[in-house]
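This report covers strand pairing, helix packing and the relation between chain copies. The sequence and structure come first.

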Protein chains: 4
Amino acid sequence: MIDVGIIGSSGYTGGELIRLLVNHKYTNIEICTSRKFAGQKVSDVHKHLKGFINLEFEDISPRDLKNRCDVIFLAVPHGTSMNIVPDLLDEYTKVIDLSADYRINSQTFENLYGIEHSDKRKVVYGLPEIHPEVSEKNLVANPGCYSTGAILSASPLANSGLIDSIIFDSKSGITGAGVNPTQTSHYPNMAENVQPYKLTSHRHYAEMFQELSMMDESLININFTPHVIPSIRGILTTAHIFTNRQVSTEEVKSIYAEYYKDNPFVRIIDGIPSLSTVRGSNFCDIGFEIDVNNNRVVVVSAIDNLVKGAAGQAIQNMNLMCGFNETEGIWFSGITP
Amino acid sequence: MIDVGIIGSSGYTGGELIRLLVNHKYTNIEICTSRKFAGQKVSDVHKHLKGFINLEFEDISPRDLKNRCDVIFLAVPHGTSMNIVPDLLDEYTKVIDLSADYRINSQTFENLYGIEHSDKRKVVYGLPEIHPEVSEKNLVANPGCYSTGAILSASPLANSGLIDSIIFDSKSGITGAGVNPTQTSHYPNMAENVQPYKLTSHRHYAEMFQELSMMDESLININFTPHVIPSIRGILTTAHIFTNRQVSTEEVKSIYAEYYKDNPFVRIIDGIPSLSTVRGSNFCDIGFEIDVNNNRVVVVSAIDNLVKGAAGQAIQNMNLMCGFNETEGIWFSGITP
Amino acid sequence: MIDVGIIGSSGYTGGELIRLLVNHKYTNIEICTSRKFAGQKVSDVHKHLKGFINLEFEDISPRDLKNRCDVIFLAVPHGTSMNIVPDLLDEYTKVIDLSADYRINSQTFENLYGIEHSDKRKVVYGLPEIHPEVSEKNLVANPGCYSTGAILSASPLANSGLIDSIIFDSKSGITGAGVNPTQTSHYPNMAENVQPYKLTSHRHYAEMFQELSMMDESLININFTPHVIPSIRGILTTAHIFTNRQVSTEEVKSIYAEYYKDNPFVRIIDGIPSLSTVRGSNFCDIGFEIDVNNNRVVVVSAIDNLVKGAAGQAIQNMNLMCGFNETEGIWFSGITP
Amino acid sequence: MIDVGIIGSSGYTGGELIRLLVNHKYTNIEICTSRKFAGQKVSDVHKHLKGFINLEFEDISPRDLKNRCDVIFLAVPHGTSMNIVPDLLDEYTKVIDLSADYRINSQTFENLYGIEHSDKRKVVYGLPEIHPEVSEKNLVANPGCYSTGAILSASPLANSGLIDSIIFDSKSGITGAGVNPTQTSHYPNMAENVQPYKLTSHRHYAEMFQELSMMDESLININFTPHVIPSIRGILTTAHIFTNRQVSTEEVKSIYAEYYKDNPFVRIIDGIPSLSTVRGSNFCDIGFEIDVNNNRVVVVSAIDNLVKGAAGQAIQNMNLMCGFNETEGIWFSGITP
């Protein structure tokens with residue numbers, strides 16, 4: 001049994017970590033921190049968790065946290081983790097950072113996030129299907145939600161050196177924007193609508209570029225446009241992939257099957273994925289179709305942004321880092337319908 | 001480990017039974033039947049279950065079923081169970097019927113459902129908070145979804161003899177109407193809408209009347225009007241209860257707390273429940289407010305219609321009938337957000 | 001051609017007034033005021049109106065407003081109108097107040113809204129189906145959205161002296177809560193949900209009581225519970241009406257038909273109304289069903305809360321006050337689907 | 001005053017034609033045909049139109065139709081119009097066909113729709129912003145909904161010879177799939193979801209190719225993938241356009257402004273369009289952003305699929321064909337919120 005702390009646990013990612021961890025066989029949630037709600041019961045903020053957690057939110061120092069926990073999740077705003085992580089790391093403590101701080105190299109981070117990076121160490125990018133070496137690390141940078149869906153959709157083809165250019169057109173549920181109400185998340189604005197944003201400049205792009213160009217350094221024509229849709233959860237990514245030669249359905253299918261053959265959370269399906277089948281689960285469903293006229297493969301991936309795109313993946317990383325079964329605590333299907 | 005069969009397992013209730021049972025520690029799903037889909041893989045119909053069940057749908061006789069199963073769930077249309085149950089029951093087999101056939105006395109059934117009842121035995125009404133004696137039975141009639149939410153909202157006050165009259169005004173997610181598309185469930189008709197129906201004549205009314213008037217035979221002024229709302233899951237019931245004397249918040253609170261003190265799946269909350277906190281779970285959340293001017297207590301209950309209103313409650317019954325912990329396999333929180 | 005001013009025109013009601021008035025044959029929108037957006041183009045805030053209005057929001061005094069306008073709409077927060085109206089009224093200016101200030105008597109207002117009333121004049125309650133005398137007034141208090149749907153559903157029976165008690169159970173789209181994002185209107189909280197609130201204490205209750213008890217002074221058992229549902233627009237009211245004697249379908253139908261025979265915006269329908277058929281329109285659709293066992297008539301009314309429940313009704317009042325055809329500028333059907 | 005007939009008027013497009021035409025100053029709806037509902041009142045099927053139309057559906061021959069109408073709209077299934085149109089056309093009758101039959105050349109039609117074409121005349125493609133010559137025709141092929149949004153988003157750049165390749169990624173409300181319930185339109189499947197389909201083979205592609213390659217014959221790399229989203233109405237198209245040289249924001253803006261300068265229903269906006277601002281209206285809102293790194297212009301267009309994508313555009317065509325003002329009867333803003 002390991003003791004777990006969650007820093008910044010009043011938001012959606014924090015709530016989802018708790019929801020999943022209370023049913024994890026080998027973890028005890030020791031601490032949930034929140035400055036805003038310190039002293040309040042966790043289940044007064046996350047009302048669905050009534051009966052599952054009796055803790056109150058605390059506001060304690062990283063040092064005290066480290067003393068009480070074996071594994072620490074950071075679900076804090078970008079630019080915050082870098083100031084906490086160095087104090088947390090030692091030989092006894094494992095840290096999974098769900099912020100963007102350590103996902104990309106510090107120079108790119110500074111350019112995109114406009115924050116000086118105070119801890120420039122190199123950290124593994126915690127997409128375990130791509131980086132199984134997370135199992136040997138004590139600090140892991142949990143990927144962005146869009147990046148998870150996009151990279152998983154294109155990696156097998158990128159790794160095969162088949163890609164000429166990609167356009168990721170992603171559709172996300174609105175929880176990706178967090179727990180605080182805004183004009184965008186206001187029901188009268190979001191319902192019955194679809195809202196593209198940051199058409200050419202979303203920051204998750206850097207993660208996609210980093211990971212995919214690492215597989216094929218000639219692959220530089222990568223493009224990404226996000227949209228929010230009227231859905232609480234989920235990210236569906238339509239990857240329009242132009243290949244550098246004609247490919248067949250059988251070939252692509254076998255490339256994907258082979259690439260993900262050891263990954264329990266990636267399901268290659270025969271039809272076209274949708275959000276419904278992965279809702280609430282840690283799966284990434286992938287399907288595709290080929291347009292031979294234009295050497296285009298349209299790959300579609302579907303994830304739950306709060307699970308495979310955040311909390312579930314963080315627990316998947318924890319499982320690997322701690323030597324548990326990769327699926328421990330997160331092996332359940334989506335809620336359909 | 002017990003072997004379980006699910007008759008009529010291609011619909012929503014069947015899918016939900018499978019989703020829950022694959023993670024139940026003491027059950028093995030032995031048979032899923034479906035006439036329509038016989039020979040097809042279960043996970044081709046319930047796509048979210050890919051990786052969780054390798055069975056194909058079968059179409060077999062009740063007798064064969066009985067030989068292979070310890071517990072049988074019937075998720076079949078009304079009027080069908082009565083023809084199957086007599087063949088299933090013996091000293092080794094437990095049966096949970098999710099249809100309406102055995103919920104109400106056969107005379108009332110015949111009047112409401114227009115079907116002659118061929119098996120008039122008296123069967124326990126499987127709302128375990130009200131009828132803990134389900135644990136001694138080998139046949140249980142699993143309650144209707146509306147009835148579950150309505151009866152749980154009013155039982156403590158009915159049991160205290162405090163009720164003069166009740167109006168249950170219920171709002172249901174559209175999955176209550178099943179897996180087959182209709183004009184009502186057509187997205188352009190259901191989205192951004194609320195549709196009352198059977199304003200004075202819904203058949204679940206008979207269950208509410210039977211159970212509540214059993215607690216207080218003077219309680220006969222019971223009324224029920226259902227609505228469908230743009231939600232996949234969930235039933236929220238607003239119970240407008242007129243009391244026969246003035247009651248205080250403290251009194252009502254203590255009546256509910258006392259009544260449900262041994263029931264893990266009923267949560268009395270301080271605020272007003274909503275569907276979000278019970279989504280995907282087996283909980284019934286209950287809250288209330290008092291209008292002293294008119295001796296009215298407005299009690300609100302929220303359940304997930306497919307879980308506490310159907311499959312989850314059926315498993316709760318199975319747990320009790322089989323001597324498992326009541327919460328086995330269904331002790332997880334709702335998915336919020 | 002009359003010149004119209006709209007005070008507080010940046011919110012939903014203001015936007016809807018503009019949307020409707022730009023196509024009104026006899027009005028010219030002269031002024032739109034907004035403190036917050038003064039100097040900005042109206043169509044930069046109400047983006048759907050691009051091409052329909054070239055004004056900028058202004059922030060001007062009531063006196064200047066009066067000089068430039070024949071008719072003034074007030075779409076301001078409660079407690080604000082009472083300070084403006086006295087300066088606006090003169091023999092040349094007509095005022096329609098969409099706030100609560102003049103809907104109920106000042107004593108009740110003070111109790112409910114916690115604001116001292118500085119202008120205690122008696123003002124007609126601007127539900128033109130009930131108070132055709134609006135046509136002779138130069139100040140009209142436009143009704144609350146819930147009150148409009150509730151009063152219209154019950155008036156014919158109240159007027160006939162047939163009602164013993166009423167429970168109004170209303171389901172409202174979330175635009176009723178205004179343009180500013182809140183936790184309640186946050187898409188992840190509102191979608192797939194239904195949220196009851198103010199179970200026994202919503203302030204619109206006072207309007208319902210005032211108007212219905214005016215028709216039948218013995219009618220005092222009136223109850224009201226509101227809910228928000230996942231819909232942008234619309235209020236559906238389920239009126240559970242207990243009658244003091246048994247009534248027949250034919251009798252009730254003829255009572256409603258007769259009562260509303262001169263009212264173009266009330267449609268008595270044969271089935272059960274829903275929000276879809278009135279969306280975007282000024283109609284109130286009404287249907288009902290009778291439960292003879294309990295002397296209960298369940299009447300359902302459906303309106304668009306921003307049109308018949310606010311801006312459309314205000315224009316209907318303006319039409320009557322100015323001697324235009326009652327339907328001028330608001331005679332179009334709902335948008336279905 | 002012209003007499004209008006609508007063939008196939010019981011579906012969404014038919015209903016929308018009626019909704020709009022009843023408020024058109026110069027038209028009288030003379031006939032609404034429907035085989036299925038012949039003899040029933042139009043307003044019993046299109047319930048929102050109660051009070052606006054007193055006709056019953058008829059089932060009459062094209063010849064009789066022609067004798068009673070000046071303008072005929074065909075809202076019939078693909079493959080049906082070609083059998084009716086030849087009988088309708090004469091010097092006195094104008095016909096607007098909303099089916100696919102005459103949109104593309106008959107050879108392509110036969111390939112895509114698998115139906116032999118019995119009337120191979122060449123007909124103008126009725127996108128009036130691109131083909132103002134509709135005003136001189138008596139038969140017009142009203143464009144597909146996806147095609148309308150896609151072509152309008154890319155035409156100015158195609159016309160300037162600036163495009164190297166295009167990926168149209170479109171998100172459509174579910175009414176595009178029609179009035180009959182299906183598994184896709186079933187609320188539990190559509191809500192909280194996004195469903196890509198026909199990833200590389202949707203038939204509207206042929207219209208996009210035909211129109212855009214007509215502007216620039218070197219433009220052949222055109223791709224299209226459609227999705228349905230949880231929205232009743234609307235199509236948002238994200239056009240990922242790779243240009244053959246670097247372009248600036250100012251240049252693109254002026255190209256669009258110049259191209260559409262005489263088109264009242266295209267609004268070039270500064271931000272990013274969304275469905276909300278065009279809901280219920282005949283507008284096409286267009287915005288864009290430039291990614292200079294990859295010579296990519298991301299253009300976003302938003303339309304209401306039933307108005308600008310079908311019925312509204314048909315009336316716009318009628319206005320031009322009949323010499324009315326182009327905006328007659330369809331000059332109103334979207335319904336926002």
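In chain A, A:Lys171 has A:His227, a residue of strand 9, as its bridge partner. The model is predicted. Strand 9 (residues 222-228) of chain A pairs with strand 7 (residues 163-172) of chain A in the parallel sense, over 7 bridges.

Helix 9 (residues 249-259) of chain A packs on the sheet. This helix touches strand 11, strand 12 and strand 13 of chain A, and its direction makes about 160° with that of strand 12.

The sheet is open and has 7 strands in chain A, in the order 8-9-7-10-13-12-11, with mixed pairing. Strand 8 and strand 11 of chain A are the edge strands, each of which pairs on one side only.

Residue ranges of some elements of chain A:

| Element | Residues |
|---|---|
| Strand 7 of chain A | residues 163-172 |
| Strand 8 of chain A | residues 195-196 |
| Strand 9 of chain A | residues 222-228 |
| Strand 11 of chain A | residues 266-268 |
| Strand 12 of chain A | residues 284-291 |
| Strand 13 of chain A | residues 296-303 |

An unreviewed UniProt entry annotates residues 3-138 of chain A as "domain: Semialdehyde dehydrogenase NAD-binding". Over residues 3-138, chain A is 27% helix and 15% strand, and the end C-alpha atoms lie 15 Å apart.

What superposes chain C on chain B? A rotation of 180° with 0.0 Å of shift along its axis does, at an RMSD of 0.0 Å. That is the relation of a two-fold axis. Within chain C, the residue that comes closest to the rotation axis is C:Pro230, at 3.1 Å (C-alpha). Of the interface residues of chain C, 100% are also interface residues in chain B, so the copies meet through the same surface.

Methods. Residues are numbered from 1 along each chain as its sequence is written. Chains are lettered from A and ligands numbered from 1 in the order in which they are written. This is a predicted model: local features need pLDDT of at least 70, side-chain atom pairs count only at pLDDT 80 or more; totals for chains, interfaces and linings use all residues. Side-chain values use heavy atoms; hydrogens and water are left out. Copies are superposed by least squares on the C-alpha atoms of residues with pLDDT of at least 70 in both. Contact means heavy atoms within 4.5 Å. UniProt positions are given in the numbering used here, feature names are shortened, and annotations may be inferred rather than shown by experiment. Helices (H or I, at least four residues) and strands (E, at least two) are DSSP runs, numbered from the N terminus. Two strands pair if DSSP finds at least two bridges between them. Axes are lines fitted to C-alpha atoms, for helices over the stretch in contact, and angles run from 0 to 180 degrees between N-to-C directions.
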